[in-house]
Amino acid sequence: MTTLWTSLQQSFLLPTPSLTESNLPSQSGRVFIVTGGYTGLGLELVKILYRHHGTIYIAGRSSTKASSAIAAVKAQYPSSDGRLAFLPLDLDDLTTIAPAAASFLSQESRLDVLTLNAGVMSPPPGSRTTQGHELQLGTNCLGHFLLAQLLLPVLRKTAATAPPGSVRVTWAASLGVDVYSPSEGILFDDRGAPIVHKNQRANYGVSKVGNYFYAAEFARRYPYAETGIVTNAWNPGNLRSELQRYGGWVEKIAGKCLLYETRFGAYTELWAGWSEEAGKAERNGAYIWPWGRFGGVRGDVERAVVEGGAARFWEWSEEQVKPYT
């Protein structure tokens, strides 16, 4: 019953967004990375940041989509003093992450907000990454985890001189944390690896729990008092986006009736990465609901953080990415 209630709270009768393109301060001089920033809510976030003069690196694997998005955004906001750049990486191939981080660091000496937005949902059963991981777990979690680890030094350097609470790492979770994931969020096999389920929705839920676990563990392992970095995970909301590209016709019809415009998801991301409230030290590791407010996750998932499930997932992730650092 509690899961039903929290799901309803995150899906219907949502409050008006408090931080949007209309009241975001100038982002001049600040540098951001948005993974998957050339489509969906990532692109909507990029538009807002560029409109307010930020420098944004759009990270992804399609140079064609990135070039098209960059041209469209520049045409939409010709008076912006911001800058847009493409950062090539393929989240389902860990060998591409370190070169992407190196490319970014060769061009920039600061990173203010890392928005780990990209993801895949319910691909065909058996889909795998280049390294053989279940596709959703590898793309949504491991690729982002490695990227965040490689960029941690520049985040810490930026936080040393930036306004308190303004340097952040934010992770894409989902309502799937509450409605699709198994008991305790992630189950592990005898080798300590996350169990891959026959149901792709369950695997999607696992990947989103993984990102929530990353935020919780990042806050614990890199406390704000030592790093100056704030991290959180967020459910962007139920949106019309490319995530539904693998869905059936029933889902697509229902989606047109029940899903919100993509820009609202960008408001959730914006609040997580740019609002004063989300930047407070005592909110480090928080979970954020649409369209920008603090919330919670299913009780057993929250208990898994306290009882070591998040640490176990973090340590397994470290083992998987170590050869590619």
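Predicted model: local features only at pLDDT ≥ 70, side-chain atom pairs only at ≥ 80, totals over all residues.
Residues are numbered from 1 along each chain as its sequence is written, and side-chain values use heavy atoms, without hydrogens or water. Helices (H or I, at least four residues) and strands (E, at least two) are DSSP runs, numbered from the N terminus.

H2 is mostly covered. Nine of its twelve residues are buried (under 20% relative accessible area, with a 1.4 Å probe and protein chains only; exposed is over 50%, partly exposed in between). Among them are Leu 41, Leu 45, Lys 47 and Tyr 50. Just after H2, His 53 takes a positive phi of about 75°.

Ser 174 lies in the loop between strand S5 (167–172) and helix H6 (176–179). Ser 174 counts as buried because its relative accessibility is 10%. Its side chain reaches the backbone nitrogen of Gly 176 at 2.9 Å. Ser 174 also touches Tyr 204, Lys 208, Trp 234, Asn 235 and Tyr 287, not counting residues up to four places away in sequence (contact: heavy atoms within 4.5 Å).

Leu 258 is found in helix H9 (residues 249–258). At 52% relative accessibility, Leu 258 counts as exposed.

Note on methods. Polar contact = N/O pair within 3.5 Å; in protein donor to acceptor, adjacent residues only side chain to side chain.
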